[in-house]
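Please examine the sequence and the structure shown below. The paragraphs that follow lead through selected features.

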Amino acid sequence: MNISIEELKRLESMDIRKLRRENLDNAGEVMIDRSKPPDQRIAEFLEQTKNPYAENVGDYILMVSFSKDEIMTLEDRLVQLAKKMTRIPL
């Protein structure tokens, strides 16, 4: 499956409130061979999903997005969240 950049951008910008569960894949059913190089794993993932940015996870729709201009790492964000949850001033 070849997916265009325009189609990826369209899927990424979809409003989660307008997504239909029946049009999405179940996250647990997508299987990726981790022994393959990253570019092949990405291609494998794109071939198995209808929308690479949204999936069914249990009773919920999970939508994934990435910050394009953010310099904070995931670890930085997790520390920030932990501080917020424990009410430690940033």
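Is R10 buried, partly exposed or exposed? R10 has a relative accessible area of 44%, so R10 counts as partly exposed; buried means under 20% relative accessible area, exposed over 50%, and partly exposed in between, with a 1.4 Å probe and protein chains only. This is a predicted model, in which local features need pLDDT of at least 70 and side-chain atom pairs count only at pLDDT 80 or more, while totals for chains, interfaces and linings use all residues. Residues are numbered from 1 along each chain as its sequence is written, and side-chain values use heavy atoms, leaving out hydrogens and water.

R10 forms a salt bridge with E7, their closest N and O atoms being 2.8 Å apart. A salt bridge is a side-chain nitrogen of Lys or Arg within 4 Å of a carboxyl oxygen of Asp or Glu. Both residues belong to helix α1 (residues 5–12), where they are 3 residues apart, about one turn of the helix; helices are DSSP runs of H or I with at least four residues, numbered from the N terminus. E7 is partly exposed because its relative accessibility is 27%.

The whole structure holds 4 salt bridges. Among them is the one between R20 and E22, at 3.3 Å from N to O. E22 counts as exposed because its relative accessibility is 53%. Another joins the side chains of K36 and E44, at 2.7 Å from N to O. Here K36, with 31% relative accessibility, is partly exposed, whereas E44, with a relative accessible area of 15%, is buried.

Conventions:
Helix = DSSP H or I, 4+ residues; strand = E, 2+ residues; numbered from the N terminus.
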